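Welcome, and please open the model in your viewer. We will go from stop to stop, with something to select at each one.

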Amino acid sequence: MKTLRSRLDLAIHGAPPMFADAVHVGRPNIGNQAAFLRLTQDLLERRWLTNNGPLVQQLERSIAELHGVAHCVAMCNGTVALEIAIRALGMSGEVIVPSYTFVATAHALSWQGITPVFADIDPLTYNLDPQAVRRMITPRTTGIIGVHLWGRPAPVHALETLAGEHGLQLMFDSAHAFGCSAGGRRIGGFGRCEVLSFHATKVFNTFEGGAVLTDDAELAETMRLMRNFGFAGFDNVIHPGTNGKMPEINAAMGLSNLGALPEVVEANRERHAAYARAFSGAEGVRLLPYDAADTPNYQYVVVEVDPGIRDAMVAALHAENILARKYFWPGCHRMKPYRELYPHAGLLLPATESVAGRVIVLPTGPSLALADIDAIAAVVLHLVKNHGAA
Ligand code: T4K
């Protein structure tokens, strides 16, 4: 460990880092390259590049089937999918969301003139605390957006009960939860609808992309209109709309990645288990567990350390070319567009503030060699142990 300490000091002072090539959180998973190239060749020959093409329709059917829902409406990205779903549900006024999420959850509301109201998370699960949500309901509240943070299910049933009692719309930001389940039921059918992200960094990607899943045929039809300027046929616009369409090349990527999903999830699971072994019994670092009963996709490796060393640790990891992230520090309520709206929000969000200060997300995924995990974990453990040492 003395050697490692010197290495780290050296790295910070300009010596070569431990990893010559950076190791990342969110390295894209690339499935069947040959299939992708074949599908790309086909779509070029077909000269059908976008506007609800055959590959998009095929991808929608496959994703709906995988998640056990009636409808999948593919979109150009997860954020636009959120915006369209929010609008299709008629949300307005105030909508309750966690602050502890990627900022797109909040932006998708404020972008269309709706006030995101931040509720605190449960200090044990880091997902929305239904009691905190209840406290934030006002006469202006029209809906709740739950987030399955890191693919761990939000309290779907408690939120469904709450929404039912107060006549609120309920949907989920399921950007992290592709292929996951909650209480034995696949993500996708909870609330009025659920929104997936297929961004390059996600467990399943279409370069950029997203989708809304729902069992509600009328809602799906409205969203199909909204993503295509409201067109219901040539020259016939019957609904306000935007351009939320997924291009065919993105669907080609999706179709060639779908078959690889089980291998990707298994590789993620192995890497999570390797981190768990490396951190087992260690003091000062805790790996957030997944519940195998929830069928996780193990996409994020989340550790918690003392808030006093977190930022220094991230800097030291970066010096070693280990590009760890502080997802989702500092919480949306502390970001410029929202902190002026809620200058005292921190007082209402103690669990959010506390968790946001402790968390580090570490590299994982099939492109990270299993053997590299021991090296990454060794740096983390060394820094925890030597915190405060000169
Ligand atoms: N809701 C939630 C809860 C979300 O987490 C997200 C997105 C959304 C909604 C919105 O969905 P989209 O509209 O994005 O479909 C990244 C992603 O851009 C974002 O999609 C994701 N959440 C968020 C958690 O992570 P950044 O700003 O951290 O990305 P960036 O560019 O720093 O990349 C992350 C890491 O991935 C880097 O270390 C480099 C690596 N990377 C990235 C790309 C794009 C690669 O190795 N190759 C690549 O092509 O937001």
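**Stop 1: the whole chain**

Begin with everything selected. For 390 residues, a compact globule would have a radius of gyration near 21 Å, and the protein agrees with that at 22 Å. This radius is taken over C-alpha atoms, and the globule rule is 2.2 Å times the number of residues to the power 0.38. Along the principal axes, the C-alpha atoms fill a box of roughly 70 × 55 × 35 Å.

Before you zoom in, know that this is a predicted model, in which local features need pLDDT of at least 70 and side-chain atom pairs count only at pLDDT 80 or more, while totals for chains, interfaces and linings use all residues. Residues are numbered from 1 along each chain as its sequence is written, and side-chain values use heavy atoms, with hydrogens and water left out.

Now switch to a cartoon view. The protein has 15 helices and 14 strands. Helices (H or I, at least four residues) and strands (E, at least two) are DSSP runs, numbered from the N terminus.

How much of the protein is buried? Buried residues make up 54% of the 390. Buried means under 20% relative accessible area, exposed over 50%, and partly exposed in between, using a 1.4 Å probe and protein chains only.

**Stop 2: two helices, H4 and H8**

Two packed helices are described by the angle between their axes and the distance between the axes. Select residues 78–88 for helix H4 and 217–227 for helix H8; their packing angle is about 125 degrees, and their axes are 10 Å apart. That makes H4 oblique to H8. Axes here are lines fitted to C-alpha atoms, for helices over the stretch in contact, and angles run from 0 to 180 degrees between N-to-C directions. Angles under 35 degrees count as roughly parallel, over 145 as roughly antiparallel, 65 to 115 as roughly perpendicular, and the rest as oblique.

The crossing of H4 past H8 is right-handed. A crossing is left-handed if the near helix is turned anticlockwise from the far one by less than a right angle, and right-handed if clockwise.

Show side chains next. H4 brings Ile84, Ala85, Arg87 and Ala88 to the contact, and H8 brings Leu219, Thr222, Met223, Met226 and Arg227. By class, the contact of H4 with H8 has six nonpolar, one polar and two charged residues. Ala, Val, Leu, Ile, Met, Phe, Trp, Tyr, Cys and Pro count as nonpolar, Asp, Glu, Lys and Arg as charged, and the others, Gly among them, as polar.

**Stop 3: another pair, H11 and H15**

Select helix H15, residues 370–385, together with H11: the two pack at about 140 degrees, with axes 10 Å apart. H11 and H15 are therefore oblique to each other, and H11 passes H15 in a right-handed crossing.

Which residues of H11 and H15 meet? Ile309, Met313, Ala316 and Leu317 come from H11, and Val379, Val380, Leu383 and Val384 from H15. This contact has eight nonpolar, no polar and no charged residues.

**Stop 4: helix H14**

Select residues 350–358. Buried residues in helix H14 are Ala351, Thr352, Val355, Ala356, Gly357 and Arg358. They pack against strand S12 (301–305), helix H11 (307–319) and strand S14 (359–362).

**Stop 5: loops worth a click**

- Ser174 sits in the loop between strand S6 (169–173) and strand S7 (181–182). Ser174 counts as buried, at 0% relative accessibility.
- Leu49 lies in the loop between H2 and H3. Its C-alpha atom is 6.1 Å from that of Pro247, although the two are 198 residues apart along the chain.
- Asn52 is in the loop between helix H2 (33–46) and helix H3 (54–67). Asn52 has a positive phi of about 55 degrees, although it is not a glycine.
- Tyr126 also has a positive phi, near 70 degrees. Tyr126 is buried, with a relative accessible area of 3%.

**Stop 6: two cis bonds**

Finish by selecting Tyr327 and Phe328, which are joined by a cis peptide bond with omega of about 0 degrees. Then move to Trp329 and Pro330, where a cis peptide bond has omega of about 5 degrees.

Conventions
Contact means heavy atoms within 4.5 Å.
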